[in-house]
Structure formats: structure tokens, C-alpha cells
Amino acid sequence: MPLPELEELYTLYRTDLYRYLCHLTHDPTEAEDIGWLLHYAKESTHENKS
């Protein structure tokens, strides 16, 4: 069951999340990979619950 509120939050803050991950990793490519992993992990968690 998708949660539109979480999707909206992710969409609103993905740029901030990316910048924060860049700061933590000092590697833009790794930051982008982690951001996508977090996004897809959220989606797969919702799929497993349905």
C-alpha cells in the first residue's frame, strides 16, 4: 500500500537529502546511490506489507 505522504516528503526533501549525504560521504556518486537505496528500501517495505 503506497503512502502518498511519504512520497511527497521524499520529493520535497530529496535535494536536501542528497546535499546532506554528499556532506557525509564526500562523494556525490555514493551520496546519490545511498539516496536511491533509501528510496527503494522504502518502496520495498511497503510492498512487503501488502
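These notebook entries record what I looked up in this structure.

**Entry 1: the model as a whole**

I noted at the outset that the model is predicted. I then looked up the secondary structure and found two helices and zero strands in the protein. Next I turned to burial: of the 50 residues, 16% count as buried.

**Entry 2: the largest pocket**

How much space lies in the largest pocket? I recorded about 160 Å³. I then asked which elements give two or more residues to its lining. They are α1, which covers residues 4-25, and α2, which covers residues 28-49.

I went through the lining residue by residue. It consists of Tyr10, Arg14, Thr15, Leu17, Tyr18, Ala31, Glu32, Gly35, Trp36 and His39. Sorted by class, the lining of the largest pocket has five nonpolar residues, three polar residues and two charged residues.

I next looked up Cys22, which lies in helix α1. Is Cys22 buried or exposed? Its relative accessible area is 19%, and the limit for burial is under 20%, so Cys22 counts as buried.

Cys22 and Glu32 are 10 residues apart in sequence. In space, C-alpha to C-alpha, Cys22 and Glu32 are 8.1 Å apart.

Which residues make the nonpolar surface patch? I listed Leu6, Leu9, Leu12 and Tyr13. The area of this patch is about 390 Å².

Leu6 lies in helix α1. Its relative accessible area is 34%. Patch residues need over 30%, and exposed residues need over 50%; Leu6 is therefore partly exposed while still belonging to the patch.

**Entry 3: His26 in the loop**

Finally I looked between the helices. Where is the place of His26? I found His26 in the loop between α1 and α2. Its phi is near 60°, which is a positive value in a residue other than glycine. I then looked up the accessibility of His26 and recorded a relative value of 67%. The cut-off for exposed is over 50%, so His26 counts as exposed.

Notes
Residues are numbered from 1 along each chain as its sequence is written. This is a predicted model: local features need pLDDT of at least 70, side-chain atom pairs count only at pLDDT 80 or more; totals for chains, interfaces and linings use all residues. Side-chain values use heavy atoms; hydrogens and water are left out. On a 1 Å grid over the protein atoms alone, a cavity is a set of points where a 1.4 Å probe fits but cannot get out, and a pocket is an open set with protein on both sides within 12 Å along at least five of seven lines; lining residues have an atom within 4 Å of a point. Grid points are joined across faces, edges and corners, and a volume is the space filled by probe spheres set on the points. Helices (H or I, at least four residues) and strands (E, at least two) are DSSP runs, numbered from the N terminus. Ala, Val, Leu, Ile, Met, Phe, Trp, Tyr, Cys and Pro count as nonpolar, Asp, Glu, Lys and Arg as charged, and the others, Gly among them, as polar. Buried means under 20% relative accessible area, exposed over 50%, partly exposed in between (1.4 Å probe, protein chains only). Patches are made of residues with over 30% relative accessible area and no salt bridge: like charges are joined within 9 Å, nonpolar side chains (Val, Leu, Ile, Met, Phe, Trp, Tyr) within 5 Å. Accessible areas come from the Shrake-Rupley method with a 1.4 Å probe; for residues, only the protein chains shown count as cover. A salt bridge is a side-chain nitrogen of Lys or Arg within 4 Å of a carboxyl oxygen of Asp or Glu.
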